[in-house]
Amino acid sequence: MYQINGYFEASTIKEAIDYLAGNENSQVIAGGTDVLIKTRERKSGYTDKDLVGIMRIPELKGINLDDDGNILIGSTTTFTEVEEDEIILRNIPSLSAACGSVGGPQIRNIGTIGGNVANGATSADSASTLFAMDAVICLEGPEGKREMPIKEFYLGPGKVAMNKGELMTQIKILKENFMCFKGHYIKFSQRKAMDIATLGCSIMVKTTGNKIDELKVAYGVAGPTPIRATEAEAMAKGMEITAENLDLIGEKCLENASARDSWRASKAFRQQLIRELPKRAIKIALGGGE
Amino acid sequence: MEHKVIGKSVERWDAIAKVTGRANYTGDIPQKELLYGKICRAKITHGKVKNMDISEALKVPGVIKILTPDDVPEISFPTAGHPYSLDPKFADIADRRILTRNVRLYGDEIAAVIAESELAAEIAASKIKVEYEEYEFYLSPEEALKEGAVEIHEGTKNILAATKAEIGDIDTGFKEADFIVEDVCATPIIQHCQMENQIAYAYKDVDNRWVCVTSTQIPHICRRILGQAFGMPWGRFRVIKPFIGGGFGNKQDVTIEPLVVAMSMAVGGKPVMVDLHREEVFGWTRVRHAISYKVKMGFTKDGVITAADIEATSNNGAYASHGHAIVAKGGGITTAIYKIPNFRYRAKTVYTNTAAAGAMRGYGVPQITYALETFMNKVSIQTGIDQFELREKNLTKVNEENPLLHMVQHTMSLRECFAKGKEIFKWDDKRKSIDKDKNTASDYVRGLGMAAFAYTSGAYPKTMEIGGCRLILNQDGSIKLMVGATEIGQGADTVFSQMVADTIGIPFEWVIADAYTDTDIAPFDTGAYASRQTFVSGMAVKKAAVELKEKILQAAYDFSKIGNKVPIEDLDIVDGNIIQKHNGQILETLGDLALKTYYDLHSGSCLTADVSNKCTKNAYPYGVTLTEVEVDKKTGKVEVLSILNVHDSGKIINPLLASGQVEGGMAQGLGYGLAEELKYDEKTGKPLNNNLLDYKMPTFMDVPDLDVAFVEIEDPVGPYGNKSLGEPPLCSPAPALRNAIIDALGIYVKDIPVTPQKIIEALSENREV
């Protein structure tokens with residue numbers, strides 16, 4: 001059962017921030033697909049809260065291109081909305097695929113991309129792709145607006161760099177981080193739906209002829225937060241795309257990963273996936289199939 | 001015999017009500033002044049409650065009362081949905097209390113809150129302070145059996161039972177063998193995941209008896225166990241079962257029913273409901289027994305079995321529930337499928353601190369089938385004898401007595417199932433195609449697997465089998481059907497209605513079934529389990545239908561005018577009309593006749609038949625699974641490309657419902673073979689994945705097209721030539737899938753579920769088959 005103290009529906013960003021800042025017991029709720037689960041499970045810090053609904057704030061919704069050609073995604077845009085959006089499909093189809101791999105249709109119809117990131121989970125399906133694109137998180141709070149790279153936003157498992165009273169308003173993807181790149185996301189999970197990733201791998205690759213100009217490899221569940229395989233990325237620069245080189249890249253990716261044994265999967269198994277998935281993702285992104 | 005309704009895919013009578021949401025389940029029935037109950041669960045895995053402080057919990061607004069072990073009867077009772085045993089030697093073990101001070105598993109039921117709302121009850125339950133004395137806990141039989149282990153139940157040494165069954169002499173049998181093969185395997189703890197969680201409420205009725213409305217497979221047995229739990233005459237209780245959202249054996253056990261009655265008793269008979277959460281159902285109702293096997297068999301060089309020695313160790317968890325019956329069943333099932341001249345079957349059931357294992361669809365047979373059919377696969381690989389051929393050399397034959405179960409089978413059509421299966425599945429073509437691709441360097445490899453099984457129809461001769469049926473001819477010629485057999489979603493009421501319509505000679509729509517089973521009203525029948533109802537209860541339905549038909553024809557004769565009488569032997573009922581057999585002429589409608597039987601001034605009476613039928617036979621159903629898989633060697637992912645079940649269940653009463661049964665069982669078998677396992681934390685004993693996110697039951701997306709075929713050879717024992725079908729479908733998919741994975745990879749994977757991780761581990765170690 002849900003033990004909730006109160007519910008306040010904000011209609012503007014300012015209203016939401018004022019309420020959040022002024023009430024120690026407040027908790028933002030967007031789609032509720034994480035917050036309500038935790039409330040039902042009586043997780044500490046999630047019972048008896050004053051919930052602040054932000055789903056009907058118009059400025060937090062929708063996907064747009066700004067004047068510089070950057071993509072702006074409102075934080076309460078649902079997974080389904082991201083998945084089906086024309087701008088996303090045309091420019092960053094891997095993010096569409098990542099959002100389309102979340103849970104099931106009911107969850108995707110209400111769960112939001114902002115919530116997915118703000119929840120701070122390493123397994124968040126949209127997060128590894130946002131990492132691969134060096135997404136920028138836009139926050140607004142009582143002190144005003146600020147922006148930060150997504151890799152600084154994640155502090156640890158379930159921990160993000162948001163202050164009391166702050167609201168995530170947008171996720172920004174700079175043009176330079178997706179133009180001329182091809183991307184692909186692979187979610188490895190036991191089930192084809194309604195599942196959490198055992199490992200998520202998202203890549204962005206830019207090539208000239210058969211040479212890699214730039215490669216970005218991001219993982220979910222390869223560490224306490226989503227990570228980038230920076231060592232492999234540096235090595236890949238200028239590499240010819242051959243089976244041997246892809247093997248080298250896969251192996252190198254292990255250097256940034258910190259997979260561990262848990263009852264969900266062994267370290268060795270996760271490492272095999274860390275090795276294998278970027279190779280496949282690169283091949284698929286470049287249209288080579290598997 | 002020509003059938004008009006049996007063998008037809010009539011639409012189940014409750015289909016529209018269910019898909020439109022009009023069907024009322026336990027939680028849908030409104031109650032005045034309903035109170036809610038919540039169980040307070042132990043936070044240790046093994047030990048004793050030393051002290052309990054409920055003062056803070058009582059302060060939560062809305063809380064009415066809190067029950068502790070001091071507030072419930074000091075009576076131990078059994079919970080298994082077995083018929084009562086007159087011989088105390090065979091009685092189910094009585095080891096449960098409504099609430100316990102002895103904690104035997106994490107989450108054991110130590111107190112219960114009654115409140116005005118579910119939330120208040122839940123908050124209060126979290127505020128109960130408990131002091132424990134903690135013992136060492138055991139998550140596996142090996143740990144529970146070690147020297148000096150603390151006894152989970154006093155005086156047991158943690159052994160619930162150990163038995164041995166023997167035929168011939170295994171030493172002689174092994175001496176006669178040209179070669180001997182040995183293997184070991186283990187099966188996991190899994191959960192039923194029926195859609196509707198356990199839910200029940202109880203109240204004191206106007207006649208001062210206790211009514212329990214519950215989602216149960218066994219209403220009559222549930223009433224008996226309530227009587228036992230309270231030490232009161234069984235007639236003081238009434239159990240009512242509305243529509244049920246599945247059970248799969250999880251509700252062939254008494255779980256929350258004694259508690260809701262105790263709660264209602266504590267509040268002066270007001271209705272109190274307990275509605276378990278999914279997490280509670282996973283962790284603290286019942287699970288499937290994890291069984292490990294050591295198998296050793298001797299063969300002649302032609303592949304004929306000379307001896308078999310099987311040792312099985314079963315993890316029963318913290319309470320007896322169905323206990324040893326599950327692993328014990330494996331012996332008789334082995335000799336039901338294979339002819340083994342020298343056989344030894346040793347079985348041990350062990351208490352541990354995991355969830356109590358009880359009945360689950362298949363009742364030990366998916367486990368033994370996994371052991372046998374992966375073993376036969378190994379023999380086939382080692383000898384090069386084709387796997388169908390190897391089995392055919394050793395199958396039992398008709399009219400032979402099962403040396404352990406002492407039943408003679410009149411039909412056994414596995415050979416026909418194999419032939420039909422291979423043809424439909426295009427086994428040989430698939431084999432050629434796979435062999436052709438064998439040497440390509442792809443990451444993806446394909447393989448074929450098969451596995452066969454035997455099952456039983458009902459539980460005779462292990463326990464008594466009785467079915468009850470009452471039929472009433474209504475005033476318009478329609479017929480009211482009343483059975484004690486339990487409709488739990490499988491369509492039992494629909495096939496009973498078909499039996500009545502077919503036997504009496506009326507349209508299916510004229511039979512009126514019932515969503516409710518009410519122990520005050522329904523004839524006695526032990527309920528839905530052991531794949532028994534179409535077979536055992538079907539016999540009672542047939543007996544009642546034959547009797548009512550005779551009465552109807554007698555009435556038709558009696559009411560016809562003197563001088564105009566047709567000899568009774570020449571009367572029949574066809575499509576709801578009384579006809580003259582020899583020329584098919586309609587004499588009157590059944591409705592006209594029925595009206596006369598009620599209202600004739602001199603000789604009217606309501607025509608009924610009310611029978612109880614003892615079944616003293618059993619007929620074994622058989623079947624086979626054939627499957628093709630593709631395995632990703634780099635990630636261990638298994639894609640099931642196709643899967644087919646072929647069943648010998650005798651005459652199929654309703655092909656559409658039967659296919660549905662088979663498809664559901666196959667999907668469950670898929671989960672069993674590839675994905676599902678309830679896991680426990682080694683450090684705390686707490687269940688780790690008692691939820692549908694972390695417990696990897698397949699979704700619709702993970703299940704391929706499920707192909708189903710039947711070999712319909714009528715069995716002379718079944719009431720309509722039918723044998724059982726309820727549980728059989730999930731017995732063979734898991735070993736067939738595992739065998740296909742082995743075939744694809746050429747490496748050895750031992751235990752289910754065969755997860756991607758296990759495949760990667762086996763590949764990296766290059767384990768030989």
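What share of the contacts in chain B with a separation of 6 or more is accounted for by residues 24 or more positions apart? In this predicted model, for which local features need pLDDT of at least 70 and side-chain atom pairs count only at pLDDT 80 or more, totals for chains, interfaces and linings use all residues. Residues are numbered from 1 along each chain as its sequence is written, while chains are lettered from A and ligands numbered from 1 in the order in which they are written.

The share in chain B is 80%, where two residues are in contact if their C-beta atoms, placed from the backbone, lie within 7 Å. In chain A, 63% of the contacts between residues at least 6 apart in sequence join residues at least 24 apart.

Chain A contains twelve helices and 14 strands, these being DSSP runs numbered from the N terminus, with helices (H or I) of at least four residues and strands (E) of at least two. Its radius of gyration, 19 Å, is close to the 19 Å that the globule rule gives for 290 residues, so chain A is as compact as a globular protein of that length; the radius is taken over C-alpha atoms, and the rule is 2.2 Å times the number of residues to the power 0.38. The C-alpha trace of chain A spans about 60 × 50 × 30 Å along its principal axes. Along the principal axes, the C-alpha atoms of chain B fill a box of roughly 90 × 70 × 50 Å.

Buried residues make up 49% of chain A and 57% of chain B, a residue being buried if 20 or more other C-beta atoms lie within 10 Å of its own, exposed if 12 or fewer, and partly exposed in between. Within chain A, helix α5 (residues 93-100) has six of its eight residues buried, so this helix is largely enclosed by the rest of the structure. The buried residues of α5(A), which include A:Leu95, A:Ala98 and A:Cys99, pack against several elements of chain A, among them α3 (79-84), α8 (125-132) and β12 (199-208).

The largest nonpolar core has 318 residues, and those with the most contacts inside it are B:Val113, B:Cys212, B:Val260, B:Val500 and B:Ile741; such a core is a set of buried Ala, Val, Leu, Ile, Met, Phe, Trp, Tyr and Cys residues joined through C-beta atoms within 7 Å. Helix α15 (residues 533-559) of chain B gives the most to this core, with twelve residues. Leaving aside neighbours within four places in sequence, B:Cys212 is in contact with residues including B:Phe237, B:Val260 and B:Val261.

Helix α14 (residues 492-504) of chain B packs with α15(B) at an angle of about 30 degrees, their axes being 9 Å apart, where axes are lines fitted to C-alpha atoms, for helices over the stretch in contact, and angles run from 0 to 180 degrees between N-to-C directions. Among the residues of α14(B) that meet α15(B) is B:Val500.

The contact between the chains takes 18 residues from chain B and 17 residues from chain A. On the side of chain B that touches chain A, two or more residues are given by each of α3 (118-126) and α19 (756-765), and the largest share, five residues, comes from α3(B).
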